[in-house]
Amino acid sequence: MTTWLREETPHDVFRFLREGDEGRHQTARVTADGAAWLASAAGGRGSALTRWEARPASPATLPCGTVFDVVNVDPVFGRRMLDKLWTEGPGSGPVAVHRGRTLLFAAPGTAQRLPALLAWEEWGEEVSRPLCHGLGDAVTVPPLVPSGSAGPRWLVAPDTRHPWLPGPEVVLWAYVRAVRAASAADVRVSIFPPADPGANVYDVSRRR
C-alpha cells in the first residue's frame, strides 16, 4: 500500500485536505475522504499516488473499471446532462473537465453496458456519442489541490469514501433528456428501435 494512504507522511496530504475541509465550498474541491476514494482506484499500483503525495497540485492517471468507470462527453452536452441530473434526476457523482471534454464518473460496468443501451436509441447525425472508459482503460484526473492552471479540474469533486455513482440506466436517462433539450424537431429520440417500414401492422384494440 502506498505511503500516501497513511495518516502521517512527509507531505501529509490527508491532513492538509482535512484541515481545509471546515468552512470550505466543497463542490469543486477534493476532501480527505474523496482523496482516499481516488487512491483506492490505484490498488497496488502506487506510482501515480506517490507523485501525487509529493505534488498534490499535479494531475494523476488512475485506472477505470474497479472503483469507477468514466463517461466522456462533449463539454456543452455534458453541462446539459448535469443540468438534467441535478434538476430532474438523482444528481451526479464526481465530474471533471479535461482537454475540452466532460468526464462523468459512473458505476463500474457502465462503460460496457451503456453503448448497448445507446444502440437502441434513434439519434440524429449531429448527436455525438460518448466515449466510455472501463476495465483496461485509464483516465487523467484533476489534482487534489487546484493548481490554477488550464489543466484538468473538478466540477463536482469527490468528497466521501463511498460516493454515489450513476449506473448505465441513469446515464442513459440524462443523455436522452439532454438530446431532447438540444434537439430541433427533426431529431427524433425513441426508446424503441426504428420500425421496419415493410412490417405488417395489426389493430390489437379489438383483440378478445
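Predicted model: local features only at pLDDT ≥ 70, side-chain atom pairs only at ≥ 80, totals over all residues.
Which residue in β5 stands opposite valine 70?

The protein chain contains 6 helices and 7 strands.

Of the strands, 5 come together in an open sheet, where the order is β5-β2-β4-β3-β7 and the pairing is antiparallel. Two strands, β5 (131-133) and β7 (153-156), form the edges of this sheet, and each of them pairs on one side only. On average, neighbouring strands of the sheet are turned by 25 degrees against each other, direction ignored.

At the edge formed by β5, the partner is strand β2, which spans residues 69-73. The two strands pair in the antiparallel sense over 3 bridges. Here the opening question finds its answer: valine 70 stands opposite histidine 133 in β5.

Some values describe the chain as a whole. Buried residues account for 46% of the 208 residues in the protein chain; a residue is taken as buried when its relative accessible area is under 20%. The accessible surface of the chain comes to about 11800 Å², and carbon and sulfur atoms contribute 52% of that surface. Contacts within the chain can also be viewed by their separation in sequence. Among those between residues at least 6 apart, 77% join residues that lie at least 24 apart in sequence.

Note on methods: Residues numbered from 1 in each chain as written. Heavy atoms only, no water. Pairing = 2+ DSSP bridges. Helix = DSSP H or I, 4+ residues; strand = E, 2+ residues; numbered from the N terminus. Axes fitted to C-alpha atoms, helices over the stretch in contact; angles between N-to-C directions. Buried < 20%, exposed > 50% of the residue type's maximum accessible area, 1.4 Å probe, protein only. Contact = heavy atoms within 4.5 Å. Areas by Shrake-Rupley, 256 points an atom, 1.4 Å probe, with all protein chains shown as cover.
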